[in-house]
Amino acid sequence: MAGLIRREDVDQVRERARIDEIVSAHVTLKPAGVGALVGLCPFHDERSPSFNVRPSVGRYHCFGCGEGGDVIEFVMKMDGLSFTEAIEYLAGKTGVQLRYEEGGSARPRDEPGKRQRLLEANKVAAEFYAEQLMGPDAAAARAFLAERSFDRSDAELFGVGFAPKGWDALQRHLQGRGFTQAELVASGLMSQGQRGIYDRFRGRVMWPIRDVTGAVIGFGARRLFEDDQGPKYLNTPETSLYKKSHVLYGIDLAKREIAKGKRVVVVEGYTDVMAAHLSGVTTAVATCGTAFGADHAKVVRRLLGDTTAGGGMQLASGGTVGGEIIFTFDGDAAGQKAAERAYGEDQRFFAQTYVAVADGGMDPCDLRMAKGPEAVRALVDDRKPLFAFVIQAKIKQFDLNTVEGRVSAVRAAAPEIVGIRDRSQRDGYTRQVAGWIGTEIDEVRREVARAASTPSLRRAPGRPEGDRGPSGAAAQGGRGGSDDARRGGPDAPPTAARASQLPAPDPRDPVARDERLALVAVLQYPQHVPASFDALGEDAFSVPAWRAVHTAIRAAGGAAAGRDVSAAQWVAAVLEQASETVAGIVTQLSVASLPEDREAAVPAFVEGVVHRVLDMGLMRRVADARSRLQRLDPADAETYQAAFAELLAIEAERRTLRESASA
């Protein structure tokens, strides 16, 4: 199990990380009333701003798409990070030194500040390589790029650089910036030889490899010179920063479009990523020196929000529910093997998987050079289901003009049909395979049934990582999930992806509107709320959604508890008490704007709107008391007088409230 970050450190990160500063790196925010900011939502397309941020409570909510949460959840959603990764990222920005529970992963045992030093070394190295690209010794590197239709601005966009041919050019540069030899070896920038350390990359085109936050964690390098005896492509070795099974080149540039468009295009190389982005396919990424695997799938799923079982359904419009993962491969034998490996990861997705192969087997870089950017876009748009590609590749191995060949093709295809995760689609694919092979449907069905009953033949369908069936055993992160998720579980999802919320009341209902404003006031300005609010009973709010929020407020200690802590801590305390269906409503109310844009008038406004709710509650109590009195028998003098006295007391309380409100 991954090391858990201590709860108090998580709370400190949440308090120190200013949500307006973090969000402003992605969204232009403008003032929208007292203490509120608004901008265009980064999670869906919109023309009118509906994305609200309230720095005092440290939360955001989009009134268009419903996304909401705190600063940690924003980073998780925006950058596709796990809970732990988001905390570590924010801790680095805010200077919080994280502590981990004993018995966790090896990562927390690094000495304080080591990770930041290695990131800084890679950053400086990337700047150094980029500067060298324009130097006199880098003519071969510039020619390499020019031959592939990349100009200087393209190189700058992707940070492409050049590593000088000497053995210690980068070493001298970094040591001049104060980095030790131990740090340079740990970063993967230097190799250790018998006579000391030396530059790992020499005489090569360099691509900086960044994580989702944009930090440089390693490099990919391409050989340029004939006297270079090394491999054609050379990457950073495994380090504490760079794990090739987790890395996707171009993810820093593609992440927003992937999250927004629910599509990711997986290509095979650095120049393919460049060509795709420059052609308008801005969701392209590539693995780095390894095949697409399970850990890459986790990264993609986080960015796609690929967490619902309804995903993977293809619509008549050509789109899909849950998003798309499109793999591009060469048309040769290696490409076929890569497609089969990718198909092995298909079961990890709820999204639909596709493959795109150009005529003649050209990759995106070659296609852009030969036919222009529009050809790259067409390649992606003309994708076909990965299942169909893999099955057809298997079928092509057999001579379908013979009975033996057709029988063998059916036997090869049957296990793949059994492996389709959506069982409702298997019969349809059975028909399609029968057509491809040119045989009877019943023959294919019999072979599929045999494969299904024979474990050795079956490619068993799996579930995406983290989905543990209807029991919901997988951690659901944020508040309301497991303690592991709240404190730093490795894949806790943003709490915006919560269970369905209570239905919102009709905004035209004046009672519902006043009750809503009162709750907004209590959550944002508890210090101005009259003490009598905390005396309200459980039935004080008539709207079910508002009554549920009021219940969470009462459970958190009422407005009195909110006066003793910061606004952010108060809202967090209410969220801790809120059920899963209510938490999103609490977040929404905590950032909503009040119809009062004068800061000096806010206390009076809060008191007034709360008084209206108190008055409505007292009015209901008066009505109930009068109804009860009417049902009593005046002959029972003692009971009747007690009920009458209760009615008078409630009416007196209501008069006092109204007099204080008008004073």
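Val355 stands opposite Lys384 in β19. The strands β18 (residues 352–356) and β19 run antiparallel and are joined by two bridges. This is a predicted model, in which local features need pLDDT of at least 70, side-chain atom pairs count only at pLDDT 80 or more, and totals for chains, interfaces and linings use all residues. Residues are numbered from 1 along each chain as its sequence is written, and side-chain values use heavy atoms, with hydrogens and water left out.

**The sheet**

Six strands form an open sheet with mixed pairing, in the order β12-β14-β13-β17-β18-β19. Two strands pair if DSSP finds at least two bridges between them. Strands (E, at least two residues) and helices (H or I, at least four) are DSSP runs, numbered from the N terminus. At the edges lie β12 (248–249) and β19 (384–385), each pairing on one side only.

Tyr249 stands opposite Ala286 in β14. Val265 has Ala284 of β14 as its bridge partner. From β13 the chain crosses through helix α11 (residues 270–278) to β14, a right-handed β-α-β crossover. Right-handed means that, with the strands pointing away from the viewer, the path from the first strand over the helix to the second runs clockwise.

In a regular strand the side chains alternate between the two faces of the sheet. In β14, Ala284 and Ala286 point one way, and Val285 and Thr287 the other. All four are buried (under 20% relative accessible area; exposed is over 50%, partly exposed in between; 1.4 Å probe, protein chains only).

**Helix packing**

α10 and helix α12 (residues 294–304) pack at about 45°, with axes 8 Å apart. Axes are lines fitted to C-alpha atoms, for helices over the stretch in contact, and angles run from 0 to 180 degrees between N-to-C directions. That makes α10 oblique to α12; under 35 degrees counts as roughly parallel, over 145 as roughly antiparallel, 65 to 115 as roughly perpendicular and the rest as oblique. The contact (heavy atoms within 4.5 Å) involves Ile251, Lys255, Ile258 and Ala259 of α10 and Val299, Leu303 and Leu304 of α12.

The axes of helix α14 (residues 364–371) and helix α15 (residues 373–381) come within 6 Å and cross at roughly 135°. α14 is therefore oblique to α15. Their contact is made by Pro364, Leu367, Arg368 and Lys371 of α14 and Glu374, Ala375, Val376 and Leu379 of α15.
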